[in-house]
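Hello,

Here is the structure I said I would pass on to you. Please have a look at it first, and then read on for my notes.

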Amino acid sequence: MTLPRGVYDRDDLTKDQTLFADVVIVGSGAGGGTLAAELAEEGVDVIVLEEGSYNTEFDSHASKAIRRMYRDAGATMSLGNPPILYQEGMTVGGSAVINGGMKWRTPDNILHRWDVEDGLDRIGPKEMDFFFSRVENRINVAYQDPESIGRDNQLLKEGADKNGWDVIPNRRNQLHCSGTNNCAWGCPTGAKRSPIVTYIPRALHFGARIYSNVRVGKILRKGKRAVGVEGRVVKANGKTGARITVAAKLVVSSCGSIQTPALLSRSGFKSPSGQLGRNLSMHPNVKVMAIFDEDVRGWEGVHQAYQVREFKQEGFVFAAVNIPPSIVAMTAPHYGRGLADVMADYNKTVIAGLLLEDTSLGRVVTLPGGAPVALYQLNQIDFEKLRRGLEMLCELLFSVGAKRVLLPVDGMDEPTNADEARAILARGFPRSALEVVTVHLMGTARMGIDRRWAVTDSYGMFHDAAGLMVCDASLFPSPIGVNPCLTIQTLATRNAAHILDNRKRYLQ
Amino acid sequence: MIDSGYKHSLLARKILVAMAPIVCPPEIEDQDLIHASVDALEAFMSSCTGQVQSATAVGLYAFEFSSCLHPAHNGRTFSQLPHDKAQAWFELWWHSPLVPMREFAKKTKGLLAMAYYELPEIAEQLDYHPEKWIRLVARRRLDLYGDEIRAKEAENTEADPLMAALEAHR
């Protein structure tokens, strides 16, 4: 593949070299990509380092996409009870290239909490409106065209309506999405306006340089000032290659809530707050498979066209999320003949998920070799909410004709009606039997006005070092209860304005 | 994509070949797809970290050799067992109260099942044709909205400096 002007990869980076820029950004996703474009357009010399490759062509081959664009081939798991499988994007454009594309503003009550409890500067809904609107316009946040919505999502909506529950169409970053149902493997039409088709081309257009296949080992320091970064090229076989050093006036860590605290820690940065790596929230996610008599063909149509908000106050929402057969087979709690029987009904299946605004808090620890490990223990409150959420989700699915539901609990009976589901779930089950996954990792370098309990200030500037900014979901002081991507991009835009407002301080 | 060139050891392959008809649908044998599934798993694992590759190998060997200790197995390893006994051995691990044994059984089943269900023959059998669908709706999208899409694409690189916009907003 020919790379666009300004993008370099392992084939170009065969020799050790030192580069210079005003700003070096580690990570090219929702935070880094957005920041790069906003700064580059204002004439700032920006270099972005990204560990993944530059990918723009996508198809429906799930495991190939996982190998190409998911960190460690998606096989990353937090330690705790239950262990939680989590995914981080590793491609130019970051996790936003492979996410579902839901774009909700940070709820007002959360912004209010960040304002009042965390003392963040100008974070209220009114002050944030300009930044939200700017991002929404750039990435085309809109409701789905009706023809793109498939039967699985219609059933979810019908179920919510039948129960008199609040259900709303999802806001997604899409330009006439045609419903390929390929979001998690990269949008094959470019309809999903992820950074790879919006902020990244824009950053390149305005002169930013992107070095892909570069794994940053550490941030370089002079005393308490960050002065650049040092990384190594990742060869195609995974081994390390040439050394890439970037000297910059401002260093930005935008590599997500797992990698950012690890990068800062292994570079020797410390926060007296003790919060670096702590405060990890995950929006734990569980899924059920509901088998219907009718043909659903959930892969024909966009996923998550609707969100059931009835239980938002309790902390959980529902959506229908079709998953390809290979991934269903991987996660289904069956094997052999049982698996064959479940999979034979694949085209009659609605897969619906529950996303929880968690109260559990985990942390990221950095091992002696520098690799991060996420530790996260689901607390009793959240466990109970997931149990209740599953009950409600079953009720919805049975109300529109589901014949049986496979619960995400190891060894659990398959209910064939709502009463049975209630009874089965009421019997209780060990936390370890619950299959939980997540793609929302937040909070490990929290913002806050006070350095005694926050890692960065209101704009992501590290409290206890100069020339160092964090710009990703690590900044969240708390979980937000909705998909975090728009919040990350909006904070990145706000951080960019802060840098530009203070050029003398940060860029000279 | 990271491709470390990982290859199953001969023993690991033997164990996986014996495990596939147990964890995947039993038809896998008649369909002659055991080796194709194990090959697909090998390709996938080539992108995993060294730790995952090593942990998988350790798990497979433990699964294989601990079978010898079972009184009913007469010192035979898992891959030497007849089908019914091999299946019972897998079930013992699948339902084990010990988390590492249970997790090994689940994860290995998960990987083999993923590899199997991604084979084109199986997609065909399930009547799952996402590429055809993608082609169809991608064309429909351009037919219906082509002009608007092209205009919006062109807008993406138009000047819109942040500070001027912010100033105007203020």
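**A loop in chain B**

Thr77(B) sits in the loop between helix H3 (50–66) and helix H4 (83–94) of chain B. Please keep in mind throughout that this is a predicted model. Is Thr77(B) buried or exposed? With a relative accessible area of 8%, Thr77(B) falls under the 20% cut-off, so Thr77(B) counts as buried. Once its neighbours within four places in sequence are set aside, Thr77(B) is in contact with Glu64(B), Phe65(B), Ser67(B) and Cys68(B).

Another residue to look up is Ile122(B), which is part of helix H6 (residues 120–125) of chain B. Its relative accessible area is 0%, so Ile122(B) is buried. Which residues does Ile122(B) touch, leaving aside its neighbours within four places in sequence? The contacts of Ile122(B) are Gln31(B), Leu33(B), Tyr116(B) and Tyr117(B).

Which element supplies the largest share of the lining? That is H7(B), with 4 residues. Sorted by class, the lining of the second largest pocket holds 9 nonpolar, 4 polar and 6 charged residues.

**Strands of chain A**

Now to chain A, where I would start with strand S12 (residues 240–253). This strand is mostly covered, with 10 of its 14 residues buried. Which way do S12(A) and its partners run, parallel or antiparallel?

- S2(A) pairs with S12(A) in the parallel sense, over 9 bridges, and Phe20(A) stands opposite Ala247(A) in S12(A).
- Strand S11 (residues 225–234) of chain A pairs with S12(A) in the antiparallel sense, over 6 bridges, and Arg232(A) is opposite Arg243(A) in S12(A).
- Strand S21 (residues 468–470) of chain A runs parallel to S12(A), and 3 bridges join them; here Val251(A) is opposite Leu468(A) in S21(A).

S11(A) and S12(A) also form a hairpin with 5 residues between the strands, in which Gly238(A) has a positive phi near 90 degrees.

Strand S2 (residues 17–26) of chain A pairs with S3(A) as well, in the parallel sense and over 4 bridges. Val23(A) has Val46(A) in S3(A) as its bridge partner. In a regular strand, side chains alternate between the two faces of the sheet. Strand S3 (residues 46–49) of chain A has Val46(A) and Val48(A) pointing one way and Ile47(A) and Leu49(A) the other, and all are buried.

A further hairpin of chain A is made by S17(A) and S18(A), with 5 residues between them. Strand S17 (residues 363–366) and strand S18 (residues 372–375) of chain A run antiparallel and are joined by 4 bridges. Val364(A) stands opposite Ala374(A) in S18(A). In the turn, Gly370(A) has a positive phi of about 105 degrees.

**A helix and the cavities**

Helix H12 (residues 485–501) of chain A has 17 residues and spans 24 Å from its first C-alpha to its last, close to the 24 Å expected at 1.5 Å a residue. Why is H12(A) described as largely enclosed by the rest of the structure? Because 16 of its 17 residues are buried.

The largest cavity contains about 80 Å³ of space. It is lined by 14 residues, with Cys177(A), Thr180(A), Cys183(A), Cys187(A) and Lys192(A) nearest its centre. By class, this lining has 5 nonpolar, 7 polar and 2 charged residues.

Terms used. Residues numbered from 1 in each chain as written. Chains lettered and ligands numbered in written order. Predicted model: local features only at pLDDT ≥ 70, side-chain atom pairs only at ≥ 80, totals over all residues. Heavy atoms only, no water. 1 Å grid on protein atoms, 1.4 Å probe; cavity = no way out; pocket = protein on both sides within 12 Å on 5 of 7 lines; lining within 4 Å. Points joined across faces, edges and corners; volume = space filled by probe spheres on them. Nonpolar A, V, L, I, M, F, W, Y, C, P; charged D, E, K, R; others polar. Helix = DSSP H or I, 4+ residues; strand = E, 2+ residues; numbered from the N terminus. Expected span 1.5 Å × (residues − 1). Buried < 20%, exposed > 50% of the residue type's maximum accessible area, 1.4 Å probe, protein only. Pairing = 2+ DSSP bridges. Contact = heavy atoms within 4.5 Å.
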